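Let's take a walk through a protein chain together. Start by turning the model around on your screen, and then read on.

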Amino acid sequence: MYQVVPGGAGGTDLDVLPKQKRHRDTRPLVGAGVIGLFLVIAAVTAWCYYIASLRKAELLKTQLLDLNKDGYIIRNQGGAIVFRMEFRSGTLDLDSCTKEGELLSCSRTTDHRPLYFFIETVRPKDTVQCYRVRWEELQAHVPVEHAMTYKFAHWYGGALSATQHWPISISGQQLPKPFVTSDIYSNRENFGGILESYWLSSNATAIKINSSVPFHLGWNDTEKIMSFQARYSDTPFTPDVEPNAELSYRVCVGLDVTSIHKYMVRRYFNKPYKVPAKVMFQHPIWSTWALHKRNIDQEKLLTYAANIKKHHFNCSHLELDDRYTRRYGEFEFDPDKFPNATDMFQKLKSDGFQVSLWTHPFVNYDSANFHTCVERGLFVREPTGRLPALVKWWNGVGGILDFTNQEAREWFSQQLRSLRTRYGVTSFKFDAGETNYLPWKFSTKMPIHDPSFFTRRYTEMAIPYNDRAELRSGYQSQNISCFFRPMDRDSVWGYELGLKSLIPTVLTISILGYQFILPDMIGGNAYRNHTNGGRVLPDRELYIRWLELSAFMPSMQFSIPPWEYDSEVVEIARKYTALHESIVAPRVLELAGEVLDTGDPIIRPLWWIATGDETAYKIDSQFLIGDDLMVAPVLEPGKQERDIYLPAGHWQSYKGERFDIKAPLHLTDYPVDLDEIAYFLWV
């Protein structure tokens, strides 16, 4: 009547129920179910991992920058990759990264080394996107190194070099070495006497390393990278407190190369506060160095001045170079070489000549002033600070004045003021100042962590004389407001301190923010071992071509005078000093006034007005003065023609030819006689 079922209220003894046999055909279904379940779980896991990856990828993006464990890339507004940086000192543990607003930060590497890393996006204006990057090690003596890929663009800036190219040409491999000012004439593998940790690329990207970084630069032309390294081991850089390396910099991307450079200069560079004396731009300087070297004396100086007048040349000032004192580090005229220095200065003044003197930061051990400087503690000292450091320079061995020491600055200034008061000296040529003349390890009255800050302090000594002063070294010194001269040129044609290096050198100095440029002596320095054929005089053709190019620079400087050759060279020199005064100087002076506000170059590369022109990025033998005067000198021996690249626009040549062109134009084998230089005006 009733059927008893299992699990009823009264319960059931299951053992009494008959057991059913499982059929063998159902087993594959169970196996398939297990596999299916496993696949579902795997799919769900993969989906979760994918979602997490997307979220992490989104976390590691900020504006147009993508970060990964090995580095980051930056894109422009069009989506093209314009900058790539790799991390060489470790890989980031991305699980340690967080993002708050525009700040992306990470706290350790994949090997669990603690660090402080961040990238912050800054948008200072609609057309510029910047990224502040900082990698700070939290353990002592661990270097930080990032490697920038340079193969996607042309790069400019950084430092002067013995073999100067425009754009930068990198060859070989170099481990990161201290990025400090050096004398590239004595060591041609070093960085030059004018440098700034700033680079600019043709794809509208710029990078500026912070001045607090113990910065070392290396490169590898196989990998196409420049290595940016911060370290405190095996280096002249000294830490403030703990030797924890920090690499910090800013990368900015703009619309084009010209506009991004304008932004960087206005934002990060010092600017001059005044324009040097007008006559420095109008009339040439006449130096005794290349003509007489150290054999100058009173009679030779007076004869030199008389010949300038005799041949009807103008003169900004006469520059009396090395060596007018008996010993280096003294500030009295050698009575044997200059028996009547007071009368000599009076004679020069009555003939209309202003005179500047060569000076330097060294006091040789045989100088009468050496003992005084030791007793008063005026020299840079060895690392413990107990003893003055002896240094070797090109004119002997001695001490180098410590320009972080106010007493040393005042002593040096007093010597210069005394010369001005006693003889009416108008200004000074401040030679040297590079850090390679400091000991590898040293101490100063005011501790300096970056050796190049010594260069900065030395350049400050020129400020009272900056109307006509001349410096050859500079670091963060744009506001010294005087003329800067690149290292001595050899009397040769090529790129290694020769005529061809002049335009790339001047363009590089300009990009680094130094606009009042004295392009060294016409014809080079005529060093016997570094002159074509070993001649005492530079090659005649080389001298003429150098003269023509110098006429289109902000200032001209003679030493070897044109009358050392023949009457034709004298006439060519008169022609180009007159052209400089009438055509070039007015434009340069107008632009010099604008520099105080903008910092924009006076001497400009062709890409300044042709920002999207691939050919313009590579031209190193033409330049602009402002935007409307383009110059194309002949820089090859035996040539009376050259190829000229005209950007699109409305141009008129010095011969009167009109070029109204909507696209760039190549003028092939354009004739340029020996007494000519090709130039074109925007009309």
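**A tour of the chain**

Helices (H or I, at least four residues) and strands (E, at least two) are DSSP runs, numbered from the N terminus. UniProt, in an unreviewed entry, lists residues 599-672 as "domain: Glycosyl hydrolase family 31 C-terminal". UniProt positions are given in the numbering used here, feature names are shortened, and annotations may be inferred rather than shown by experiment.

A word on what you're looking at: this is a predicted model, where local features need pLDDT of at least 70 and side-chain atom pairs count only at pLDDT 80 or more, while totals for chains, interfaces and linings use all residues. Residues are numbered from 1 along each chain as its sequence is written, and side-chain values use heavy atoms, with hydrogens and water left out.

Now zoom out. The chain has 13 helices and 34 strands, and its C-alpha trace spans about 150 × 70 × 45 Å along the principal axes. Its radius of gyration is 34 Å, whereas a compact globule of 683 residues would have one near 26 Å. (That radius is taken over C-alpha atoms, and the globule rule is 2.2 Å times the number of residues to the power 0.38.) Buried residues make up 56% of the 683; buried means under 20% relative accessible area, exposed over 50%, and partly exposed in between (1.4 Å probe, protein chains only).

Find helix H5, residues 298-310. From first C-alpha to last, H5 reaches 18 Å, close to the 18 Å expected at 1.5 Å a residue (the expected span is 1.5 Å times one less than the number of residues). Which residues of H5 are buried? They are Gln 298, Leu 301, Tyr 304, Ala 305 and Ile 308. Seen down the axis of H5, these buried residues fall within an arc of 135°, so they line one face of the helix. The arc is that of the directions from the helix axis to the C-beta atoms. Here's the background: an α-helix has 3.6 residues a turn, so residues three or four places apart point the same way. On the face turned away from the buried side of H5, you'll find the exposed residues Glu 299 and Lys 310. The buried residues pack against several elements, including helix H4 (289-292) and helix H6 (341-350); contact means heavy atoms within 4.5 Å.

Finally, look at two glutamates. Glu 137 is in strand S8 (residues 128-137) and counts as buried because its relative accessibility is 0%. A polar contact of 2.9 Å joins its side chain to that of Trp 135. A polar contact is a pair of N or O atoms within 3.5 Å; within protein, one must be able to donate a hydrogen and the other to accept it, and residues adjacent in sequence count only if both atoms are side-chain atoms.

Glu 330 is in the loop between S18 and H6, and is buried, with a relative accessible area of 16%. The side chain of Glu 330 reaches the backbone nitrogen of Ala 368 at 3.0 Å.
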